[in-house]
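These are my notebook entries on one protein chain. I record what I looked up and what I found.

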Amino acid sequence: MKIALCVKQVPDTSDIKWTENNTMQREGVESIINPYDVYATELALKLKDKYKAEITAFTMGPQQASNMLREIIALGVDEGVLISDKKFAGADTFATGKTISSAIQKALPDFDLILCGQFAIDGDTAQTGPCIASLLNIPQVTYVKDITEIKKGVITATRVLDDGIETVKVQTPALMCVLKSEFEPSRPLINGIIKAQEAEIKTLSLQDLEIQPEDVGIKGSPTYVSKAFRPEIKHSCEKFDCLENGKGAEIILNKLKEIGVHNG
Ligand code: FAD
């Protein structure tokens with residue numbers, strides 16, 4: 001079984017700054033692996049243990065993103081592919097999906113499963129995974145908590161809904177977007193760290209892919225960002241010490257009456 005694992009490097013900060021082109025300022029900011037991609041990695045490693053799956057991690061990003069690929073190779077991922085080219089800069093989710101799907105077709109055409117995180121904590125659109133699936137014309141399952149069985153090309157997965165847990169069966173090849181799970185993130189072992197240091201990270205640039213310059217980066221992005229800003233917080237906050245005086249319900253009721261939400 002072959003797994004393509006999509007991982008994104010995100011800024012390790014909630015203090016996002018913007019460039020003059022209304023894109024995120026990433027230079028000079030420490031980076032981490034997107035936390036949901038850590039859960040996707042854990043799920044992939046679980047499938048490696050259970051089904052001897054081979055895992056290839058893909059990331060689209062600048063050259064330094066190869067360090068992140070080495071970090072996850074140290075955890076047990078088999079190999080890493082860096083999709084990197086100046087022409088990819090400024091990509092929206094559509095251009096990102098197009099570039100990543102093209103890279104997967106190039107480097108791992110016989111994949112059985114693509115695993116993504118459910119969201120990236122910086123862009124936070126949750127569109128990239130579904131975009132890759134629709135471009136590759138394969139089924140997609142979102143909000144995945146676990147994969148419980150893979151048998152005769154059918155994957156059984158559980159997904160988290162607002163009102164419960166759903167079990168779905170899907171034919172491979174398929175794409176799944178992974179939510180926070182109960183697995184504890186692994187820590188690299190010493191032989192993993194050595195393997196990661198020696199690993200060859202394959203790099204794919206635009207000329208390696210079956211896509212045109214007008215399909216990638218800002219040129220290939222139908223989204224136009226006219227302005228990016230941090231919303232001003234206009235609401236004030238009143239704090240009541242309800243636990244201490246045991247009058248919490250009464251205070252809330254009076255407040256609801258005061259603002260006209262409750263008239264009883
Ligand atoms: P989500 O869709 O929330 O991510 C879900 C999952 O998809 C992730 O957990 C991961 O598994 C996978 N994934 C997402 N991105 C990647 C990736 N790069 N590699 C591998 N897997 C991935 N961003 C920039 O970095 N530089 C820019 O110059 C830039 N310009 C932009 C311009 C416009 C007009 C717009 C709208 C966005 C721009 N962005 C830029 C943001 C960029 O589009 C998103 O970061 C990217 O498309 C992923 O979307 P997301 O962050 O919402 O991820």
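**Entry 1. The chain as a whole**

I took helices (H or I, at least four residues) and strands (E, at least two) as DSSP runs, numbered from the N terminus. On that basis I listed seven helices and 11 strands in the chain. I note that this is a predicted model, in which local features need pLDDT of at least 70 and side-chain atom pairs count only at pLDDT 80 or more, whereas totals for chains, interfaces and linings use all residues. Residues are numbered from 1 along each chain as its sequence is written, and side-chain values use heavy atoms, with hydrogens and water left out.

I looked up the extent of the chain: its C-alpha atoms fill a box of roughly 65 × 45 × 40 Å along the principal axes. For burial I used relative accessible area: buried means under 20%, exposed over 50%, and partly exposed in between, with a 1.4 Å probe and protein chains only. By this rule, 41% of the 264 residues count as buried. I defined a contact as heavy atoms within 4.5 Å. Of the contacts with a separation of 6 or more, 70% are between residues 24 or more positions apart.

**Entry 2. The sheet**

I counted two strands as paired if DSSP finds at least two bridges between them. In what order do the strands of the open sheet stand? The nine strands follow the order 9-8-7-10-6-1-4-5-11, and the pairing is mixed. Strand 9 (164-171) and strand 11 (202-204) are at the edges with a single partner strand each, so one side of each has no neighbour in the sheet. From one strand to the next, the twist averages 30 degrees.

I then examined two pairs. Strand 7 (residues 140-151) and strand 8 (residues 154-161) run antiparallel and are joined by six bridges; D146 stands opposite T158 of strand 8. I fitted axes as lines to C-alpha atoms, for helices over the stretch in contact, and took angles from 0 to 180 degrees between N-to-C directions. Helix 2 (residues 65-75) packs on the sheet and touches strand 1 (2-6), strand 4 (54-60) and strand 5 (79-83), with its direction at about 165 degrees to that of strand 5. Helix 4 (residues 128-136) also packs on the sheet, where it touches strand 1, strand 6 (113-117), strand 7 and strand 10 (174-178); the angle between its direction and that of strand 10 is about 175 degrees.

The second pair, strand 4 and strand 5, runs parallel with five bridges. A57 has G80 of strand 5 as its bridge partner. Four of the five residues of strand 5 are buried.

I found L5 in strand 1. Is L5 buried or exposed? L5 counts as buried, because its relative accessibility is 0%. Beyond its neighbours within four places in sequence, its contacts include A40, I55, F58, I72 and L115. The C-alpha atoms of L5 and G117 are 9.0 Å apart, although 112 residues separate them along the chain.

**Entry 3. Helix 2 against helix 5**

Helix 2 and helix 5 (residues 190-198) pack at about 140 degrees, and their axes are 7 Å apart. R70, I73 and A74 of helix 2 meet G192, I193, K195, A196, Q197 and E198 of helix 5. I73 and A74 are among the buried residues of helix 2.

**Entry 4. Cysteines**

I searched for disulfides, pairs of cysteine sulfur atoms within 2.5 Å, and the whole structure has zero. The sulfur of C116 lies 3.9 Å from that of C6, its closest cysteine sulfur, which is too far for a bond. C116 is buried at 5% relative accessible area. C177 is in no disulfide either, with the sulfur of C116 nearest at 5.1 Å; C177 is buried at 1%.

**Entry 5. Backbone exceptions**

Most residues other than glycine have a negative phi, and most peptide bonds are trans. I noted a cis peptide bond from T172 to P173, with omega near -5 degrees; P173 is in the loop between strand 9 and strand 10. K52, in the loop between helix 1 (35-51) and strand 4, has a positive phi near 55 degrees and is exposed at 70%. N137, in the loop between helix 4 and strand 7, has a positive phi of about 55 degrees and is exposed, with a relative accessible area of 70%.
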